[in-house]
Amino acid sequence: MASITVLGSGSWGTALSIVLADNGHDVLLWGRSKKAADEINSSHTNEKYLPGITLPESITATIDLEKAVGHGDTLLFVVPTKAMRAVLKEVNGLLDRPVMMIHASKGIEPDTYLRVSQIIEEEVPAEKRRAVVVLSGPSHAEEVSLRQPTTVTSSSLNTEAAEEVQDLFMNQHFRVYTNPDLTGVEIGGSLKNIIAIGAGMTSGLGYGDNAKAALMTRGLAEIARLGMKLGANPLTFAGLSGLGDLIVTCTSVHSRNWRAGNMIGKGQSIDEVLNEMGMVVEGIRTTKAAYQLAGREEVDMPITKGLYDVLFNDKPPHEAVEELMGRVRKREVEDLKLGESDPLNDFEP
Ligand SMILES: NC(=O)C1=CN([C@@H]2O[C@H](COP(=O)(O)OP(=O)(O)OC[C@H]3O[C@@H](n4cnc5c(N)ncnc54)[C@H](O)[C@@H]3O)[C@@H](O)[C@H]2O)C=CC1
Ligand SMILES: O=C(CO)COP(=O)(O)O
């Protein structure tokens with residue numbers, strides 16, 4: 001059994017700690033809040049983020065980062081993407097040996113356009129990381145903590161490391177697949193949050209299932225278009241970290257991104273929405289990053305652009321929908337192709 005430190009004691013870090021503890025691993029959960037750590041250690045609950053859930057007693061919590069980094073040979077990062085770089089810098093300062101680095105966060109960093117695995121590689125030198133692995137897929141913390149059936153993907157450029165992580169997490173309720181397409185897995189998991197905000201927004205505007213299906217389908221097309229330009233395997237976008245996560249985030253009552261979009265569609269400002277949610281809504285920052293990245297890569301992403309205008313340029317949501325619907329006519333499948341390349345055969349992990 002492994003000794004694993006989980007960095008980030010919000011809903012997802014806590015839920016993944018339950019999976020790891022159920023599998024017999026020695027889990028230490030690090031977070032910034034002393035109150036939350038005390039509650040986890042004494043009552044075995046994390047009421048703010050997973051109300052009503054009793055955690056396995058073997059999970060212990062700390063706010064001492066030095067102790068957390070010294071605990072095990074595997075570090076699982078689950079802080080919001082906005083906090084990732086700062087946490088990594090601190091961890092790197094305390095790390096004196098190579099460890100397995102896993103992350104389960106979803107987002108792209110604005111201005112640098114980096115995926116989380118790339119931020120890890122920038123902040124932690126190669127001699128201190130055995131491998132970098134991402135865990136991603138359709139998985140709301142609320143359901144994982146109830147041990148409801150869930151499937152996710154473990155992805156790394158290092159196949160053995162992806163399989164090692166698969167074995168760490170896999171159990172009767174939590175099924176893990178592997179996929180060598182790190183770029184595709186991270187792009188799919190991050191950009192679906194943009195589309196989920198859009199799906200929530202259309203519901204907030206009073207539109208029905210036709211609009212939601214349109215957004216999900218054409219949203220996946222533009223995610224795949226950008227992903228392929230960055231070297232991803234197009235088939236990844238039909239998998240758990242692509243279509244699977246898009247479905248769960250655009251249709252679940254648990255989705256923070258969907259709920260945020262719904263409130264914006266009903267006329268609330270972004271600041272009001274974020275105050276009311278009290279939880280991370282990754283899709284907002286990722287909309288900015290994806291909009292910038294699409295510009296750099298010269299990839300057409302009309303839904304992302306429409307949402308960028310709503311979120312950052314005060315465009316009324318109904319005007320963004322009217323603009324999307326009023327664009328010039330298109331062919332549906334051809335615009336997924338990229339010039340002379342053959343997306344189904346050109347992928348190399
Ligand atoms: N909640 C879910 O079901 C899932 C979440 N994720 C991803 O996991 C990541 C974390 O999300 P959640 O746990 O849901 O967020 P959350 O909103 O439930 O909790 C965020 C946690 O991060 C902490 N935090 C915020 N800033 C920090 C900083 N600067 N340093 C250290 N800790 C900080 C907060 O105190 C809190 O404990 C996100 O990227 C999210 O997209 C991925 C899959 C499922
Ligand atoms: O990534 C998620 C589910 O797989 C979580 O989505 P939300 O952040 O929208 O709740």
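What follows is a chat about a predicted model of a protein chain with two ligands.

Student: What does the chain contain in terms of helices and strands?

Tutor: The predicted model has 15 helices and eight strands in the protein chain.

Student: And how compact is the chain?

Tutor: The radius of gyration is 20 Å, close to the 20 Å from the globule rule for 349 residues, so the protein chain is as compact as a globular protein of that length. Along the principal axes, the C-alpha atoms fill a box of roughly 60 × 45 × 35 Å.

Student: What percentage of the residues is buried?

Tutor: Buried residues account for 50% of the 349.

Student: Which domains are assigned?

Tutor: Domain 1 (3–180) and domain 2 (190–336). Their centres, taken over C-alpha atoms, are separated by 26 Å.

Student: How many residues does each domain put into the contact?

Tutor: Domain 1 puts in 19 residues and domain 2 puts in 22.

Student: On the domain 1 side, which elements give two or more residues?

Tutor: Helix 4, strand 7 (150–155) and strand 8 (174–179) do. Strand 7 gives the most to that side, with three residues.

Student: How does that side divide into nonpolar, polar and charged?

Tutor: The side of domain 1 that touches domain 2 has seven nonpolar, eight polar and four charged residues.

Student: Switching to ligand 1. Where does it lie relative to the domains, and why?

Tutor: Ligand 1 lies between domain 1 and domain 2, because both give residues to the shell around it.

Student: How many residues surround ligand 1, and which are closest?

Tutor: There are 27 residues around ligand 1, and the closest are Gly10, Ser11, Trp12, Ala83 and Ser105. Helix 1 (11–22) and helix 4 (81–94) are the elements that give two or more residues to this shell. The largest share, four residues, comes from helix 4.

Student: How do the residues of the ligand 1 shell divide by class?

Tutor: Twelve are nonpolar, twelve are polar and three are charged.

Student: What does the UniProt "binding site" annotation cover?

Tutor: The unreviewed UniProt entry puts that annotation on Ser11, Trp12, Arg32, Tyr49, Lys106, Ala141, Arg256, Val280 and Glu282.

Student: Take Trp12 and Arg32. Buried or exposed?

Tutor: Trp12 lies in helix 1 and counts as buried because it has 25 C-beta neighbours inside 10 Å. Arg32 lies in the loop between strand 2 (26–30) and helix 2 (34–43), and with 13 C-beta neighbours inside 10 Å it counts as partly exposed.

Student: Leaving aside neighbours within four places in sequence, what is Trp12 in contact with?

Tutor: Val78, Ala104 and Ala141. Of these, Ala141 is also among the residues in the UniProt annotation.

Student: And ligand 2, which residues come nearest?

Tutor: Ser139, Thr249, Ser255, Arg256 and Asn257, out of 14 residues around ligand 2. Helix 8 (182–204), helix 10 (240–251) and helix 11 (256–265) each give two or more residues to the shell, and helix 10 gives the most, with three.

Student: What does each domain give to that shell?

Tutor: At least three residues come from each of domain 1 and domain 2. By class, the shell around ligand 2 has three nonpolar, seven polar and four charged residues.

Notes
Residues numbered from 1 in each chain as written. Chains lettered and ligands numbered in written order. Predicted model: local features only at pLDDT ≥ 70, side-chain atom pairs only at ≥ 80, totals over all residues. Near = placed C-beta within 6 Å. Nonpolar A, V, L, I, M, F, W, Y, C, P; charged D, E, K, R; others polar. Domains from an automatic or database assignment. Contact = placed C-beta atoms within 7 Å. Rg over C-alpha atoms; globule rule 2.2 N^0.38 Å. Buried ≥ 20, exposed ≤ 12 C-beta atoms within 10 Å, placed from the backbone. UniProt positions renumbered as here; feature names shortened; annotations may be inferred.
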